2 protein chains.
Amino acid sequence: MEEFNLLIKNIEKHLSLNETEKEELRQFFTFKKLRKRQYFLQEGDISHYSAFVINGCMRSYYVDVNGFEHILQFAIEDWWITDMMSFTKKTEAKLNIDALEDTEMLLITREQQLKLFEKIPKLEKYFRIITENGLISYQNRLLESMSLHAPERYANFIKRYPALNKRLPQTQIAAYLGITPVFLSKIRNINNQ
Amino acid sequence: MEEFNLLIKNIEKHLSLNETEKEELRQFFTFKKLRKRQYFLQEGDISHYSAFVINGCMRSYYVDVNGFEHILQFAIEDWWITDMMSFTKKTEAKLNIDALEDTEMLLITREQQLKLFEKIPKLEKYFRIITENGLISYQNRLLESMSLHAPERYANFIKRYPALNKRLPQTQIAAYLGITPVFLSKIRNINNQ
DNA sequence: CGAAAATTTGACATGACTCAACTGGAGTGG
DNA sequence: CCACTCCAGTTGAGTCATGTCAAATTTTCG
């Protein structure tokens with residue numbers, strides 16, 4: 001399975017696995033495809049799965065009382081995505097997750113994940129590390145949202161994720177940056193003059 | 001040691017420890033006191049320690065190019081605090097951490113933490129869980145900062161942390177909410193009419 | 001008690017939003 | 001292949017949330 005190798009490579013950025021472990025690991029995951037626009041998780045449901053994206057693009061977002069969408073995360077190939085709150089605590093999700101492109105991914109349930117930690121303890125390390133990294137990146141975003149104006153946040157976004165910038169419609173980028181699409185359009189045009 | 005019991009109790013919210021493990025655990029920590037206003041970490045240094053607060057109050061914050069402080073976290077008794085980025089990756093800290101009150105805490109270095117995970121593997125679970133919870137709370141703050149106006153964010157803060165609201169000067173709360181102290185003062189006075 | 005810091009208050013400035021009209025592709029059906 | 005619709009993006013005018021600055025007042029603390 002090609003798909004599976006991407007996950008292995010991702011794990012091996014942080015620790016090494018022998019062939020037996022790789023084989024065991026595989027049993028814990030299932031494969032799934034989503035069409036563009038298809039939901040992976042809807043607000044109010046329980047997020048049973050955490051997803052590792054093989055190709056395509058997903059997003060997690062919150063819909064506020066006025067119906068506006070605020071994007072927490074994009075996930076392209078080689079990224080994890082879930083509603084962490086709902087996944088770890090089995091509470092009703094406040095987030096929606098859907099596909100912005102046709103997407104293939106590997107899924108694991110929380111129960112399987114916890115079993116996996118018992119069977120191959122070093123994978124607890126792997127998930128601890130990616131959780132640490134996730135925490136760090138939310139900290140950075142929070143700091144940026146407090147200390148920078150929208151044009152600077154947009155500039156940082158382009159620099160940090162040039163691929164996403166080309167791949168995503170502006171509306172989605174605006175919802176990630178915490179501004180309106182109209183305002184993002186103005187920022188871009190001022191930049192171009 | 002009284003101090004140590006608070007940490008044990010915190011850990012036992014998530015898993016159970018036998019007496020031997022408690023005794024071993026103790027060896028990994030050191031005790032430290034800070035006076036009010038004293039730095040625990042300064043921007044540019046490496047955050048060698050993660051701190052568990054026994055009593056008192058600390059804050060981690062970023063100073064932007066214009067010299068304004070933006071608070072990422074308060075930590076009162078029973079909370080952990082560090083610059084996660086610097087602590088895990090040994091990079092120069094972008095954050096400052098200091099004491100808002102006289103504070104007592106237990107410290108652990110990253111090296112000791114990793115050794116601890118090997119010696120008592122279930123503590124890796126403990127730190128994974130508190131990291132998961134930290135990630136969730138930063139996600140929530142980011143969403144609130146994108147979807148709510150300052151008066152609503154302040155109302156949520158009071159509801160969520162009534163103790164902090166009484167204990168902290170307004171300037172600090174403003175720097176946490178991402179607004180100016182002047183504007184927070186106006187919010188409070190409109191609320192009181 | 002006195003100096004320094006925190007908070008309040010008001011006038012004004014500005015970054016970002018709203019709304020509405022317009023433009024220009026990207027599907028879709030005939 | 002054209003006509004039509006439908007989004008995404010653009011542009012401009014007006015508005016609103018929050019910031020800036022400065023002066024007055026209160027609180028803190030040596």
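I began with α8(A), where A:Ile173, A:Ala174, A:Ala175, A:Tyr176 and A:Leu177 are buried. Buried here means that 20 or more other C-beta atoms lie within 10 Å of the residue's own, with C-beta atoms placed from the backbone. Helices (H or I, at least four residues) and strands (E, at least two) are DSSP runs, numbered from the N terminus. After α8(A) I found A:Gly178, with a positive phi near 80°.

A note on the source. The model is predicted: local features need pLDDT of at least 70, side-chain atom pairs count only at pLDDT 80 or more, and totals for chains, interfaces and linings use all residues. Residues are numbered from 1 along each chain as its sequence is written, while chains are lettered from A and ligands numbered from 1 in the order in which they are written.

**DNA strand C.** α9(B) gives the most, with 6 residues. By class I noted 7 nonpolar, 6 polar and 2 charged. Ala, Val, Leu, Ile, Met, Phe, Trp, Tyr, Cys and Pro count as nonpolar, Asp, Glu, Lys and Arg as charged, and the others, Gly among them, as polar.

**DNA strand D.** α8 and α9 of chain A, with α6 (150–160) and α9 of chain B, each supply at least two residues. α9(A) gives the most to the surface near DNA strand D, with 6 residues. That surface has 8 nonpolar, 6 polar and 2 charged residues.

**Chain A against chain B.** I found 26 residues of chain A in contact with 26 residues of chain B. Contact means C-beta atoms, placed from the backbone, within 7 Å. On the chain A side, β5, α3 (84–89) and α5 (122–147) give two or more residues. α5(A) gives the most, with 17 residues. The side of chain A that touches chain B divides into 12 nonpolar, 8 polar and 6 charged residues.

I then checked the superposition. A rotation of 180° with 0.0 Å of shift along its axis puts chain A on chain B, RMSD 0.0 Å. The two copies are thus related as by a two-fold rotation axis. The same surface serves both: 100% of the contact residues of chain A recur in chain B.

**Domains of chain A.** Domain 1 is 2–136 and domain 2 is 148–193, with bounds from an automatic or database domain assignment. Their C-alpha centres lie 26 Å apart. I found 9 residues of domain 1 in contact with 7 residues of domain 2. On the domain 1 side, β4 (57–63) and β5 (69–76) give two or more residues, and β5(A) gives the most, with 5.

**Sheet in chain A.** I traced 4 strands in an open antiparallel sheet, in the order β1-β8-β3-β6. β1 (30–34) and β6 (80–81) stand at the edges with a single partner strand each, so one side of each has no neighbour in the sheet. Pairing requires at least two DSSP bridges. β3 (49–55) and β8 (103–109) run antiparallel, joined by 6 bridges. A:Tyr49 has A:Thr109 as its bridge partner in β8(A).

Methods:
Two residues are in contact if their C-beta atoms, placed from the backbone, lie within 7 Å. A residue is buried if 20 or more other C-beta atoms lie within 10 Å of its own, exposed if 12 or fewer, and partly exposed in between; C-beta atoms are placed from the backbone. Copies are superposed by least squares on the C-alpha atoms of residues with pLDDT of at least 70 in both.
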